[in-house]
Amino acid sequence: MWKRTAQGRELHFYLAGINNQNFLMRDRETGSWWQQVTGRAISGALSGATLELAPYDEVTFGLWKSGSPRGMVLAPVAGREKDYDNDWEKEVAKYPVPVSFPGQGLKDRDVILGVEIGGQARAFPLDRVLTQSPVEDKIAGIPIVLVTGKDGASVRAFRLQGNGSETELFRDSQSAEWRLIDSQGNAWNFEGCAIAGPATGQCLEKISFLKDFWFDWKNYHPQTTVYRR
Amino acid sequence: MSEARNRVLGAVVLLLTIASVGLFLIPAFVIRPFRYQSANALSLAIRVKWVAPALTALACAGVLLLAVSLWRTASRAARASLVAALVLSVASAVLARLNYFEWMFRPIPAAGFVAAGDAHLADKEMVMTVLMGSDARAYPIRQMAYHHILNDTAGGVPIVVTY
């Protein structure tokens, strides 16, 4: 998800092709070509420009609605409801892949969460995040945590550094409500905000990540490492 | 003399036809799903895409002019070839102008929104969500996996939702 402004100009994008199973977009204003996964213009008047990431979450509807009860949801396009395939993930999984990167313990279509900090990229296998949450790690010296919500499907990532001190988070198995606790006696919710303890009211900085297939992430982030624990 | 001239013009028709078909086919071949595309091939395909609309139109006009001038003295077989050349170069000029990818991906013409409480979505459905100022929006992934792209504005910020 990108902010569609470049060099002070509002742009409107349309799909113009597929490059190694990643979309190529063009903008109506200049006709420049853009790679969807990187947000970078690869040809045309805006060549070399990069779109700014629009921070977004990929979560379950139930979780989002409980936090944003007055939010708005994209309506189905009339007449297309039947085309929205429940099994599209299974269908996509059958497609061949244009490039393959064996040898790092991941299959081409394994879903990863790709994090990029300070020019360093790391892939977190989704199944490992779901089972091991909270997953703590360091990228380019920055401590981060990936957390799975109470629905067992929504994931958020945060920077684990408030006021220069590092925190370590644990799932609070004693509490009936879903929360994380740290060694300083704080409790944290899935928004990344402290709801009890000395840090109450403070929120961790959210980190954007990309949910992607391993082959696609690796293709556009050749230097990526893989989270191993 | 005039036969030699006709032969040269016929060869030019052939070359123009091959060129215009190539101008359409090269990017169509490179930018196709499920096949590996090297950075060089993609860059060539995009460069061809930039010039193809103008060049295929020129080639088309050239084929038409030559076909007209050759028509009267041409044999039946030669006339059939001229018609074929004209059809191919017109088809290439038309196809070079069309974005056939949009036929496959069906963009959303005008996005409509419903309140979270009125949406017919199961709690476990995955959505992409943004929060811009106080404007919270959710884009169901099942819908985005079909339409793939949406130009939207959330909290006054122009965004493009892609999946």
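Two strands count as paired here if DSSP finds at least two bridges between them. With that in hand, look at strand E11 of chain A, residues 111-117, and E12(A): they run antiparallel and are joined by six bridges. Before I go further, note that this is a predicted model.

Stay with that pair for a moment. One of the facing positions is Glu116(A), which stands opposite Ala121(A) in E12(A). The two strands make a hairpin with two residues between them, and there Gly118(A) has a positive phi near 55°.

What is the order of the sheet that these strands belong to? The order is E23-E11-E12-E24 in chain A, an open sheet of four strands with mixed pairing. At its edges are strand E23 (210-213) and strand E24 (225-226) of chain A, and each of them pairs on one side only. A parallel part of the sheet is the pairing of strand E12, residues 120-125 of chain A, with E24(A), over two bridges. There, Arg122(A) is opposite Thr225(A) in E24(A).

Chain A has another open sheet of four strands, in the order E18-E19-E20-E21, and here the pairing is antiparallel. Strand E18 (169-171) and strand E21 (194-196) of chain A are the edge strands, each pairing on one side only. Further in, strand E19 (residues 180-182) and strand E20 (residues 187-188) of chain A run antiparallel, joined by two bridges. Leu180(A) faces Trp188(A) in E20(A).

Now the domains of chain A. The assignment gives domain 1 as 2-53 and domain 2 as 111-226. Taken over C-alpha atoms, the centres of domain 1 of chain A and domain 2 of chain A are separated by 29 Å. The contact between them takes six residues from domain 1 of chain A and four residues from domain 2 of chain A. On the domain 1 side of that contact there are two nonpolar, four polar and no charged residues.

One residue in chain A that I want to point out is Ser32(A), in the loop between E5 and strand E6 (33-35) of chain A. Is Ser32(A) buried or exposed? The cut-off for buried is 20 or more other C-beta atoms within 10 Å. Ser32(A) has 21 within that distance, so Ser32(A) is buried. Leaving out residues up to four places away in sequence, Ser32(A) touches several residues, including Arg26(A), Asp27(A), Ala41(A) and Leu46(A). Gly44(A) is also among them; Ser32(A) and Gly44(A) are 12 residues apart in sequence, with 4.2 Å from C-alpha to C-alpha.

On to chain B. Its division is into domain 1 (2-98) and domain 2 (116-162). The C-alpha centres of domain 1 of chain B and domain 2 of chain B are 44 Å apart.

Helix H1 of chain B covers residues 2-30. At 1.5 Å a residue, its 29 residues should span 42 Å, and the end C-alpha atoms are 42 Å apart, so the two agree. H1(B) does have a kink of about 30°, centred on Gly22(B). Which residues of H1(B) are buried? They are Val13(B), Leu16(B), Thr17(B), Ser20(B), Leu23(B), Phe24(B), Pro27(B) and Val30(B). As for the spacing in that list, an α-helix has 3.6 residues a turn, so residues three or four places apart point the same way. The buried residues of H1(B) pack against helix H2 (39-71) and helix H3 (76-95) of chain B.

Last, the two chains together. How many residues of each chain are in contact with the other? The count is 52 residues of chain A and 50 residues of chain B. On the chain A side, the elements that give two or more residues include strand E1 (2-3), strand E9 (57-60) and helix H1 (61-67) of chain A. E4(A) gives the most, with seven residues. By class, the chain A side has 29 nonpolar, 13 polar and 10 charged residues.

There is also strand pairing between the chains. E10(A) pairs with strand E3 of chain B, residues 135-140, in the parallel sense and over two bridges. Met72(A) has Arg137(B) as its bridge partner in E3(B).

That is what I have; questions are welcome.

How values were computed:
Residues numbered from 1 in each chain as written. Chains lettered and ligands numbered in written order. Predicted model: local features only at pLDDT ≥ 70, side-chain atom pairs only at ≥ 80, totals over all residues. Domains from an automatic or database assignment. Expected span 1.5 Å × (residues − 1). Bend = angle between axes of the 7 residues up to and from the residue. Buried ≥ 20, exposed ≤ 12 C-beta atoms within 10 Å, placed from the backbone. Contact = placed C-beta atoms within 7 Å. Nonpolar A, V, L, I, M, F, W, Y, C, P; charged D, E, K, R; others polar.
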